[in-house]
Amino acid sequence: MPQLNPEFFISQLFWLFVFFSFLFIFLWRISLPRIATVLEKRQNLINDNLAVAKELQEKAQSIEKDINSEISKAKQSNNDQIKNTILTLQDEMTSKLKSLETELEDKIARSEKEIINSRDEQIKNINSEIINITKITVAKISDLKLSDSVVEQAVKSSKGSIN
């Protein structure tokens, strides 16, 4: 094999040295700085994105706090409105109940008066019918014609003993 032949060692070492020197200088001066700048740009971009993400997260948290505070204010406001509405409805109901109660009392009083008036009127009608029946009965039984005042007096005197 020619690589293991000692006479070619020097030329092989020379070309090895030249090739690796060129490779070292190429990597050291050209390739590695470019890779380093790309890595540095990538790291800066990642750091910038992380910073923006933190800012956005802080903004989101502050917005969330604002939203939660607004929600709690809205809930409190709704609760207050509901309580006020309930109170006003209760007041309206009590006032309407009072007005209905007074209206019913007035109707009951009027009805009682009408019943009493009707009863008194019916009693007068019954008394007048009793008087007429008594006159007719006495006239048929005894052929006596009694005056209304006499019959009325007799009915009134017997009324206490009937009731």
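Which helix does isoleucine 71 lie in? I looked it up: isoleucine 71 lies in helix 1, residues 9-142. Helices here are DSSP runs (H or I, at least four residues), numbered from the N terminus.

I noted the ground rules. This is a predicted model, where local features need pLDDT of at least 70, side-chain atom pairs count only at pLDDT 80 or more, and totals for chains, interfaces and linings use all residues. Residues are numbered from 1 along each chain as its sequence is written, and side-chain values use heavy atoms, with hydrogens and water left out.

Isoleucine 71 counts as partly exposed because its relative accessibility is 40%; buried means under 20% relative accessible area, exposed over 50%, partly exposed in between (1.4 Å probe, protein chains only). From leucine 56, isoleucine 71 is 15 residues away in sequence and 22 Å away in space, C-alpha to C-alpha.

I then searched the whole structure for aromatic pairs and got four. Rings of Phe, Tyr and Trp (its six-membered ring) pair if their centres lie within 6.5 Å; planes under 30 degrees apart count as stacked, over 60 as edge-to-face, the rest as tilted.

One of them is phenylalanine 14 with tryptophan 15, edge-to-face at 5.2 Å centre to centre and 70° between the planes. Phenylalanine 14 is partly exposed at 47%; tryptophan 15 is exposed at 56%.

Phenylalanine 24 and tryptophan 28 are stacked, because their planes are at 20°, with centres 5.8 Å apart. They are four residues apart in helix 1, so about one helical turn separates them. Phenylalanine 24 is exposed at 53%; tryptophan 28 is partly exposed at 47%.

Notes. Helices (H or I, at least four residues) and strands (E, at least two) are DSSP runs, numbered from the N terminus.
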